[in-house]
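Keep the account brisk and give the cut-offs behind each term.

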Amino acid sequence: MRTIKMNLIRIVTLIALLAPMAAAQSTSIYIEEGPIDSIDHRMINVGDSAIKLGPNVKVKYPGKKKASLSDLKVGNYVRAHIIIYRGGDFVDKIEYISAKPPSNY
């Protein structure tokens, strides 16, 4: 009985140590920045890239605690944080930067 408990503890410990490594390999993140060309409930077109919206998109908008996609308008300059999951690109977070593109854009 003692050896069964020790083997079970070893297996659980090994799984707990390896689980974060497996999750880290399944996703990567990159950023797309530019004006919004189009936006709807499924997709956003930032700059030259059309990207699907993830299921839990977070929107950061200055002065609003609970911002949503409806706060963003076509032409707004934004920074989209995109994750790659199982071969697909999905927007995870959108940060509002300005109503018009910066002068260096």
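## Around His81

In this predicted model, His81 touches Tyr30, Ile31, Phe90, Val91, Asp92, Lys93 and Glu95, leaving out residues up to four places away in sequence. Contact means heavy atoms within 4.5 Å. His81 lies in strand S4. His81 counts as buried because its relative accessibility is 15%; buried means under 20% relative accessible area, exposed over 50%, and partly exposed in between, with a 1.4 Å probe and protein chains only.

## Basis and confidence

Residues are numbered from 1 along each chain as its sequence is written, and side-chain values use heavy atoms, with hydrogens and water left out. Local features need pLDDT of at least 70 and side-chain atom pairs count only at pLDDT 80 or more, while totals for chains, interfaces and linings use all residues. pLDDT is the predictor's confidence in each residue, from 0 to 100.

| Part | Mean pLDDT |
|---|---|
| Protein | 83 |
| Helix H1 (residues 2–26), lowest | 70 |
| Strand S2, highest | 92 |

## Fold and core

Helices (H or I, at least four residues) and strands (E, at least two) are DSSP runs, numbered from the N terminus. Buried residues make up 24% of the 105 residues.

The largest nonpolar core has 14 residues; Ile44, Leu72, Val78, Val91 and Ile94 have the most contacts inside it. Strands S2 (43–46), S3 (49–60), S4 (77–85) and S5 (88–98) each supply at least two residues of this core. Such a core is a set of buried Ala, Val, Leu, Ile, Met, Phe, Trp, Tyr and Cys residues joined through side-chain atoms within 4.5 Å. Leaving aside neighbours within four places in sequence, Val78 is in contact with residues including Ile36, Val46, Leu72 and Ile94.

Met43 stands opposite Lys52 in S3. Two residues separate the strands of this hairpin, and Gly47 in the turn has a positive phi of about 65°. The covered face of S2 holds Ile44 and Val46, and the uncovered one Met43 and Asn45. In a regular strand, side chains alternate between the two faces of the sheet.

Key. Pairing = 2+ DSSP bridges.
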